Amino acid sequence: MVTTDSKDGEEKQTRIDISTAMRKAVGQLAELLQREPGSVSALKATDDGWTADVEVVEIEKIPDTTSVMASYRVSIGDQGRLVGYERIRRYSRGQVDR
């Protein structure tokens, strides 16, 4: 999004909102991994944009509680472009953090 400063006519960039950042994080990661993310477990603003933790089913198994899940940390610039991602954790879907 671009806005114009009414004082000097200068254009400046405005950070996208949190819901748009979340949708973009999920969409861009799905495109890269060729898997549909299940959920966003964390989303926070940074100086450069947003960071999101996205949960993805990496290996589907039966029963689904034995499926292999992964958490990816996704970095999104303040205009919504993916600037980086990394897998930070793999776990069984039925696993509970303590």
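Mentor: Residues are numbered from 1 along each chain as its sequence is written. In this predicted model local features need pLDDT of at least 70 and side-chain atom pairs count only at pLDDT 80 or more, while totals for chains, interfaces and linings use all residues, and side-chain values use heavy atoms, with hydrogens and water left out.

Trainee: What is the order of the strands in the open sheet, and how do they pair?

Mentor: The order is β3-β4-β5-β6, with antiparallel pairing. Strands (E, at least two residues) and helices (H or I, at least four) are DSSP runs numbered from the N terminus. Two strands pair if DSSP finds at least two bridges between them. β3 and β4 (residues 49-59) are joined by 7 bridges, so they count as paired. Within that pair, A42 stands opposite D53.

Trainee: Why are β3 and β6 said to stand at the edges?

Mentor: β3 (37-45) and β6 (82-92) each have a single partner strand, so one side of each is left without a neighbour in the sheet. From one strand to the next, the twist averages 20 degrees.

Trainee: What does helix α1 touch in the sheet?

Mentor: Helix α1 (residues 18-33) packs on the sheet and touches β3, β4, β5 (68-77) and β6. Contact means heavy atoms within 4.5 Å. The direction of α1 makes about 120 degrees with that of β5. Such angles run from 0 to 180 degrees between N-to-C directions, with axes fitted to C-alpha atoms, for helices over the stretch in contact.

Trainee: Why is D48 called exposed?

Mentor: Exposed means over 50% relative accessible area, buried under 20%, and partly exposed in between (1.4 Å probe, protein chains only). D48 has 63%, so the residue is exposed. Its place is in the loop between β3 and β4.

Trainee: Which residues is D48 in contact with, apart from its neighbours within four places in sequence?

Mentor: They are I76, G77 and D78. D48 and G77 are 29 residues apart in sequence and 5.8 Å apart in space, C-alpha to C-alpha.

Trainee: What makes a group of residues a nonpolar core?

Mentor: The set must consist of buried Ala, Val, Leu, Ile, Met, Phe, Trp, Tyr and Cys residues joined through side-chain atoms within 4.5 Å. The largest one here has 13 residues, and those with the most contacts inside it are L29, V54, V56, Y72 and V74. The elements giving two or more residues to this core are α1, β4 and β5. Leaving aside neighbours within four places in sequence, V74 has contacts that include A25, L29, W50, V54 and L82. In soluble globular proteins, nonpolar side chains tend to be buried together.

Trainee: How do you know that D53 and R73 form a salt bridge?

Mentor: A salt bridge needs a side-chain nitrogen of Lys or Arg within 4 Å of a carboxyl oxygen of Asp or Glu. For D53 and R73 the N to O distance is 2.7 Å, so the pair qualifies. D53 lies in strand β4 and R73 in strand β5, so the pair ties together parts that are 20 residues apart in sequence. D53, at 13% relative accessibility, counts as buried, and R73, at 33%, as partly exposed.

Trainee: How many salt bridges does a search of the whole structure find?

Mentor: The search finds 4. One of them joins E58 to R87, with the closest N and O atoms 3.1 Å apart. E58 is in strand β4 and R87 in strand β6, 29 residues apart. E58 is buried at 11%, whereas R87 is partly exposed at 43%. Another joins D64 to R93 at 3.6 Å. D64 is in the loop between β4 and β5, and R93 in the segment after β6. D64 is partly exposed at 44%, and R93 is partly exposed at 36%. Salt bridges that share partners join E58, R87 and R90 into one network.

Trainee: Why is the aromatic pair of Y72 and Y85 called tilted?

Mentor: Rings of Phe, Tyr and Trp (its six-membered ring) pair if their centres lie within 6.5 Å; planes under 30 degrees apart count as stacked, over 60 as edge-to-face and the rest as tilted. For Y72 and Y85 the values are 6.0 Å centre to centre and 50 degrees between the planes, so the rings pair and the pair is tilted. Y72 lies in strand β5 and Y85 in strand β6, so the pair ties together parts that are 13 residues apart in sequence. Y72 is buried at 6%, and Y85 is partly exposed at 39%.
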